[in-house]
Amino acid sequence: RLYQADWLLRFYNFKAEELVNSDYPHLDTDFDPKIAWALRNIHLFPLEVNKASYQELLRIPGIGVGSALRIISQRRLAPVSFDNLAKIGVVLKRASFFLTCQGRYYGSVPIDPALIRQALAPQPRPQQLTLF
């Protein structure tokens, strides 16, 4: 998680106190730091991809530097549709809980941190049977 946090600090303009502070002194071991931050700041979401600034787009889990730039570029030509987001490179499995596209929310659960956390939680892998 330290590597992921460092990436957010260097390339996404996060501040260290946004990721860890007196209320949250440790990085979440279950989720990457960007998702953990978004869940703690759910009042900032969902963001409309056709209106959000570049800096705001970078705060959405599942949207990286490249996909944020492609969204900004696409918006100059026409509004971005939800179907375009996957083609642009957005990881919809994570992003859909934190954005709207053309006014529509595509998350599979309501905008509630506990429900989103449950929906994003890693699923246990089935036990592999080994044959000798």
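**Close-up views of a predicted model**

Figure 1. Which residue of β2 is the bridge partner of leucine 47? The partner is leucine 99.

**Figure 2. Confidence along the protein chain.** The mean pLDDT of the protein chain is 91, and 95% of the residues reach a value of 70 or more. Among the elements of the chain, β1 has the highest mean pLDDT, at 97. The lowest mean among these elements, 85, belongs to helix α1 (residues 2-11).

Figure 3. How many cavities of 30 Å³ or more does a search of the whole structure find? The search finds 1 cavity of that kind. The volume of the largest cavity is about 40 Å³. Its lining consists of Leu19, His26, Leu27, Asp28, Pro33, Ala36, Trp37 and Arg40. Sorted by class, the residues of this lining are 5 nonpolar, 1 polar and 2 charged. Helix α3 (residues 33-40) contributes the most to the lining, with 4 residues.

**Figure 4. Leucine 92 in helix α7.** Leucine 92 lies in helix α7, which spans residues 92-95. When residues up to four places away in sequence are not counted, leucine 92 touches Phe82, Leu85 and Ala86. A further view relates leucine 92 to proline 61: the two residues are 31 residues apart in sequence, and their C-alpha atoms are 9.0 Å apart in space.

**Figure 5. Serine 96 in the loop between α7 and β2.** Serine 96 is located in the loop that lies between α7 and β2. Is serine 96 buried or exposed? Serine 96 counts as buried because its relative accessibility is 7%, and the cut-off for a buried residue is under 20%. With neighbours within four places in sequence left aside, serine 96 is in contact with Phe82, Tyr105, Tyr106 and Gly107.

Definitions and conventions. Residues numbered from 1 in each chain as written. Predicted model: local features only at pLDDT ≥ 70, side-chain atom pairs only at ≥ 80, totals over all residues. Heavy atoms only, no water. 1 Å grid on protein atoms, 1.4 Å probe; cavity = no way out; pocket = protein on both sides within 12 Å on 5 of 7 lines; lining within 4 Å. Points joined across faces, edges and corners; volume = space filled by probe spheres on them. Helix = DSSP H or I, 4+ residues; strand = E, 2+ residues; numbered from the N terminus. Nonpolar A, V, L, I, M, F, W, Y, C, P; charged D, E, K, R; others polar. Contact = heavy atoms within 4.5 Å. Pairing = 2+ DSSP bridges. pLDDT = per-residue confidence, 0-100. Buried < 20%, exposed > 50% of the residue type's maximum accessible area, 1.4 Å probe, protein only.
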